[in-house]
Amino acid sequence: MKRIGNMFTNKIGLALGGGGARGLAHVGVLRCVEDHKFKIATIAGTSVGAFVGALYAFGKSSYEIERIMRSLSFGRLASFAPGSLGMLRNGGVRKVIYEALGDVRLEDSRIPLAIVCTDLVSGRKVVFTEGPVATLVQASSCFPGILSPIEYQGMVLVDGALTENVPVQAAEQLGATFTIAVSLAEHEQGRMTPRGMFDVISRSFDILVDHAAADKVKEAHYHIQLNVGFMGRFKIEQPERAIAVGYEGFRTMLSRPLLYWWIKPIFDHIYRLFYALYRALAHAVQNPIHIPIPVIAQRLRKIFRIPN
């Protein structure tokens, strides 16, 4: 059963979501972590979350990560790739990680690290906790249809956002008992009007991913939604503002009173219990010939992740 997590007594897992250039806001989150000497036990990342998370897990400071990200451009990260499975290749992502960290592997990180990708062959999420960091960060960042997928161990890997944009479950797989989900959200007041083909594709992808991720982020003990709708996916704009948004988002979480962190997990579990019972009873009413007890048990196992 998933433990009732308390932020001050358990292993803290940080789940960093995808969002392209908007990931600069993750730097602000990490800067707040550093300023408050907050201990992170595990990190899981998808797409740009994998990029930022990998750098931090291997010892780079938020200031070093900011410098690296400010130096990036779409032209530096992607190159034209005729005849491939995408219009462009994002080999630049692998090169940047390699130059910053060297030929390192996930299992050697200072902070346990997981990178989430999607396998186009099986259609499933793949969580990597072992393997070459540069290659897997590149794979997790392959925007499908635009950037060519990466072939690795018999799989065809693309952006992990397709299956788990904010990798809460991956953070828990590493042993986290209190998970903090950080999503790069677009609030209504911050959304940009598409200004070109890439903006249309990006916006469509965001809508699909946001709807798919809505339920999964609820599994986190705390969810930080960063309003970075003023930025596009493919170009770094207003970096100071993005970093400030991330910093303030994490600082707001830390400003919660101590009692909140003792009570919130308990209420979260009570809510999940009653929601499971409600869904099971609704199913029983719609299907009266079935005995509801097995259905209730099945839903409870799913909610609390109890093995069969």
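Contact here means heavy atoms within 4.5 Å. The model is predicted.

**Exercise 1. Find which residues Leu120 is in contact with, leaving aside its neighbours within four places in sequence.**

Step 1. Locate the residue. Leu120 is in the loop between strand 5 (113-119) and strand 6.

Step 2. Apply the contact cut-off. Beyond those neighbours, Leu120 is in contact with Pro149, Val156 and Val158.

Step 3. Leu120 and Pro149 are 29 residues apart in sequence. Their C-alpha atoms are 8.6 Å apart in space.

Step 4. Classify the accessibility of Leu120. Its relative accessibility is 47%, so Leu120 counts as partly exposed.

**Exercise 2. Determine how the rings of Phe38 and Phe250 are arranged.**

Step 1. A pair of aromatic rings is described by the distance of the centres and the angle of the planes.

Step 2. The structure holds two aromatic pairs.

Step 3. Read off the geometry. The ring centres of Phe38 and Phe250 are 5.3 Å apart, and the planes meet at 85°. The cut-off for edge-to-face is over 60 degrees. The pair is therefore edge-to-face.

Step 4. Phe38 is in the loop between helix 1 (24-35) and strand 2 (42-46). Phe250 is in helix 10 (residues 239-254). They are 212 residues apart, and the pair links distant parts of the chain.

Step 5. Check burial. Phe38 has a relative accessible area of 16%, so it is buried. Phe250 has 0% relative accessibility and counts as buried.

**Exercise 3. Identify what sits over the ring of Tyr63.**

Step 1. Find the charged group. It is the charged end of Arg31.

Step 2. Give the distance. The charged end of Arg31 is 3.7 Å from the centre of the Tyr63 ring.

**Exercise 4. Name the residues of the nonpolar surface patch of about 490 Å².**

Step 1. List the members. They are Ile266, Phe267, Ile270, Leu273 and Phe274.

Step 2. Examine one of them. Phe274 is in helix 11 (residues 258-286). Its relative accessible area is 56%, so Phe274 is exposed.

Definitions and conventions:
Residues numbered from 1 in each chain as written. Predicted model: local features only at pLDDT ≥ 70, side-chain atom pairs only at ≥ 80, totals over all residues. Heavy atoms only, no water. Phe/Tyr/Trp six-rings, centres within 6.5 Å; stacked < 30°, edge-to-face > 60°. Helix = DSSP H or I, 4+ residues; strand = E, 2+ residues; numbered from the N terminus. Buried < 20%, exposed > 50% of the residue type's maximum accessible area, 1.4 Å probe, protein only. Lys NZ or Arg CZ within 6 Å of the ring centre and 35° of its normal. Patch = residues over 30% accessible without salt bridge, like charges linked within 9 Å, V, L, I, M, F, W, Y side chains within 5 Å. Areas by Shrake-Rupley, 256 points an atom, 1.4 Å probe, with all protein chains shown as cover. Salt bridge = Lys/Arg side-chain N within 4 Å of Asp/Glu carboxyl O.
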